[in-house]
Structure formats: structure tokens, C-alpha cells
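Let us take a friendly walk through a protein model together. Have a look at the picture first, and then read on.

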Amino acid sequence: HNKSTWLRTTVTGPGTLFFYWKVSSEAYYDYLRFYIDGVEKTSITGTVDWQQKGFNIATGSHTLEWKYTKDYSITYGSDCGWVDKVSFTQ
């Protein structure tokens, strides 16, 4: 409770990023979020099966981060998120 975990990498653009993700969490309280350079681009919460996301990455060096954040109480579902098949093509 009241914790987060993250996965982070750096890429050099321009390029295209694709990844799959899913989450099993308490809806609207626990989130799996995706950030580019510290700016949240999208998030999922609740029970969401595998879905693919894609983003164009601008020229230069960029930090990519996936972060699962758990609120202060209530365990629901698996209480976690998954990220898989991350690919970046220049």
C-alpha cells in the first residue's frame, strides 16, 4: 500500500515506440501509467487485458517510463501491471 514501482529506459529519436500492457487493479485508485520525459501520456486502471500502444518519439534523447502506483488501501485483483514486447524502431 502507498507504493509504486517503475521501469525506465532511454531512447534516441526520431522513431516509433510500441508496447503491450495490461493491469489488474482497483479501478480509479491504482494505475499503470506511461510517461515520456516525465510527462504522462496515457494510463490504465481496473481490469484491462493486453492492449498495444504506439507513440512517435521526436528527435533527440528521451526517457520512457512505465509506473504502477498503488493507493493506501484495498487489494483488488492481482494488484499489478504488466508491460511486454517493447520495441523501438528508428
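## Around Thr45

The side chain of T45 has a polar atom that lies 2.6 Å from the backbone oxygen of D30. Keep in mind as you read that this is a predicted model. The side chain of T45 also reaches the backbone oxygen of E26, at 3.4 Å. You can find T45 in strand 3. Is T45 buried or exposed? With a relative accessibility of 17%, T45 counts as buried, because buried means under 20% relative accessible area.

Which residues does T45 meet, once its neighbours within four places in sequence are set aside? The contacts are V23, S25, E26, A27, Y28, Y29, D30 and Y31. Another residue to look at from here is K22, 23 residues away from T45 along the chain, with 8.8 Å between the two C-alpha atoms.

A polar atom of the S25 side chain lies 3.0 Å from the backbone oxygen of D30. S25 sits in the loop between strand 1 (4-24) and strand 2 (31-36), and with a relative accessible area of 0% it is buried. Leaving aside neighbours within four places in sequence, S25 is in contact with D30, T45, G46, T47, Y68, Y76 and D79.

G46 is one of those contacts, and it belongs to the loop between strand 3 (39-45) and strand 4. G46 counts as buried, at 4% relative accessibility. Beyond its neighbours within four places in sequence, G46 is in contact with V23, S24, S25, E26, A27 and D30. For F19, the numbers are these: 27 residues separate G46 and F19 in sequence, and their C-alpha atoms are 19 Å apart in space.

Now let us move to another loop. K70 is located in the loop between strand 4 (47-69) and strand 5 (80-89). At 8% relative accessibility, K70 counts as buried.

With residues up to four places away in sequence left out, D71 touches H1, N2, E26, Y29 and D30. D71 and D30 are 41 residues apart along the chain, yet 5.8 Å separates their C-alpha atoms.

I74 is found in the loop between strand 4 and strand 5 too. I74 is partly exposed, with a relative accessible area of 49%. Its phi is positive, about 60°, although I74 is not a glycine.

Here are the side-chain contacts from this tour, side by side.

| Side chain | Backbone oxygen | Distance |
|---|---|---|
| T45 | D30 | 2.6 Å |
| T45 | E26 | 3.4 Å |
| S25 | D30 | 3.0 Å |

## Two backbone details

N2 is not a glycine, but it has a positive phi of about 60°. You will find N2 in the segment before strand 1. N2 counts as exposed, at 57% relative accessibility.

Where is the cis peptide bond? A cis peptide bond joins G13 and P14, with omega at about 15°. P14 is part of strand 1.

## Stepping back

Finally, take in the chain as a whole. How many strands does the protein chain have? There are five strands and zero helices, and the pattern along the sequence reads β-β-β-β-β. The radius of gyration is 14 Å, close to the 12 Å that the globule rule gives for 90 residues, so the protein chain is as compact as a globular protein of that length. Along its principal axes, the C-alpha trace spans about 40 × 20 × 15 Å.

Of the 90 residues, 36% count as buried. Among contacts between residues at least 6 apart in sequence, 75% join residues at least 24 apart. The protein chain exposes about 5400 Å², and carbon and sulfur atoms supply 49% of that area. As for charges, the 9 positive and 9 negative ones have mean positions 3 Å apart.

Note on methods. Residues numbered from 1 in each chain as written. Predicted model: local features only at pLDDT ≥ 70, side-chain atom pairs only at ≥ 80, totals over all residues. Heavy atoms only, no water. Helix = DSSP H or I, 4+ residues; strand = E, 2+ residues; numbered from the N terminus. Rg over C-alpha atoms; globule rule 2.2 N^0.38 Å. Buried < 20%, exposed > 50% of the residue type's maximum accessible area, 1.4 Å probe, protein only. Contact = heavy atoms within 4.5 Å. Areas by Shrake-Rupley, 256 points an atom, 1.4 Å probe, with all protein chains shown as cover. Lys, Arg positive; Asp, Glu negative; His and termini not counted. Charge placed at Lys NZ, Arg CZ, Asp CG, Glu CD. Polar contact = N/O pair within 3.5 Å; in protein donor to acceptor, adjacent residues only side chain to side chain.
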